[in-house]
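Q: I am new to this structure and would like to learn how to read it. Can we go through it feature by feature?

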Amino acid sequence: MVVARGTVLDWAKTLRKEASRSAILRSDELARKYGIAEAVVGNALRRQERRGLVEHVSRRLYVNKLAHEFSPRELVGILRPDAYISLESALAEWGISTQSPSALTCVTTGFPRKFRGPSVQIVYRHIAKKLHWGFETKRTRHGSYRIAEPEKALLDWIYLQRQEGLPVAFDELSLNVIDKKKLRQYALKYPNSVQQTLQEAWL
């Protein structure tokens, strides 16, 4: 659809229509789709943000608040294409941890970064490329996201806790869903310090 020159776009109506397709908006894609300068789209989206209809997440990227059942998980691979959910968030989702982190925790081979807004809080931590594996894809209403397998999430957590000199406490973890054989196999790909931590804890 291309808007005729001089026509003013009804943004509330446009956002409702876009909400049926996706919860994620990109100003550059909207500009191409409706034949409007990207600067004009950006200004319009900032006005809609003040009205509470969209939420700015990152450069050119917005959440359409009119989309039903939006999940921040849908942004994980958009903000960082190589990322997957792991660490505390994955441990909580798999029922291994009873603690729900305030932010969605992910790992990426890129630079670490935090994205924080009213409805989106995502933390990316760096992991080596050789450890970028062991995840599966899940669907949401509007998209999909990748999440570490239970064993991989646990190992990522131990690895990064040790990397940053933070304590590795197992007392709040329920390890019943962990496949010990798979965990041992996966652990062989991690530094010896991670394997030693597992052995000292419960293996």
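Q: Which residue stands opposite Arg26 in β3?
A: Strands of a sheet pair through backbone hydrogen bonds, either parallel or antiparallel. Here Leu61 in β3 stands opposite Arg26. Strand β3 covers residues 61–64 and pairs with β1 in the antiparallel sense over three bridges. Two strands count as paired if DSSP finds at least two bridges between them. Helices (H or I, at least four residues) and strands (E, at least two) are DSSP runs, numbered from the N terminus.

Q: What should I know about the model before going on?
A: The model is predicted: local features need pLDDT of at least 70, side-chain atom pairs count only at pLDDT 80 or more, and totals for chains, interfaces and linings use all residues. Residues are numbered from 1 along each chain as its sequence is written, and side-chain values use heavy atoms, with hydrogens and water left out.

Q: What is the order of the strands in the open sheet of three strands?
A: The order is β1-β3-β2, with antiparallel pairing. β1 (24–26) and β2 (54–58) are at the edges with a single partner strand each, so one side of each has no neighbour in the sheet. From one strand to the next, the twist averages 35°.

Q: Which helix lies across β1, β2 and β3?
A: Helix α1 (residues 11–19) does, running at about 85° to β3. Helix α3 (residues 38–50) also packs on the sheet, touching β1, β2 and β3, and its direction makes about 120° with that of β2. Axes are lines fitted to C-alpha atoms, for helices over the stretch in contact, and angles run from 0 to 180 degrees between N-to-C directions. Contact means heavy atoms within 4.5 Å.

Q: How many residues does the largest nonpolar core have?
A: A nonpolar core is a set of buried Ala, Val, Leu, Ile, Met, Phe, Trp, Tyr and Cys residues joined through side-chain atoms within 4.5 Å. Buried means under 20% relative accessible area, exposed over 50%, and partly exposed in between (1.4 Å probe, protein chains only). The largest core has 48 residues, and Leu75 and Leu154 are among those with the most contacts inside it. Its largest share, seven residues, comes from α6. A second, separate core has 15 residues, including Ala12 and Tyr62.

Q: Is Ile158 buried or exposed?
A: Ile158 counts as buried because its relative accessibility is 0%. This residue is in helix α6 (residues 150–163). Not counting residues up to four places away in sequence, Ile158 touches Val168, Phe170, Val194, Thr197 and Leu198.

Q: Which residues of helix α8 are buried?
A: In α8 (residues 192–201) they are Val194, Gln195, Thr197 and Leu198. Seen down the axis of α8, the buried residues fall within an arc of 155°, so they line one face of the helix. The arc is that of the directions from the helix axis to the C-beta atoms. These buried residues pack against α6 and α7 (180–187). The face of α8 turned away from its buried side carries the exposed residues Asn192, Gln199 and Glu200.

Q: How many helices and strands are there in the protein?
A: The protein has eight helices and nine strands. Its C-alpha trace spans about 70 × 25 × 25 Å along the principal axes. Of the 203 residues, 48% are buried.
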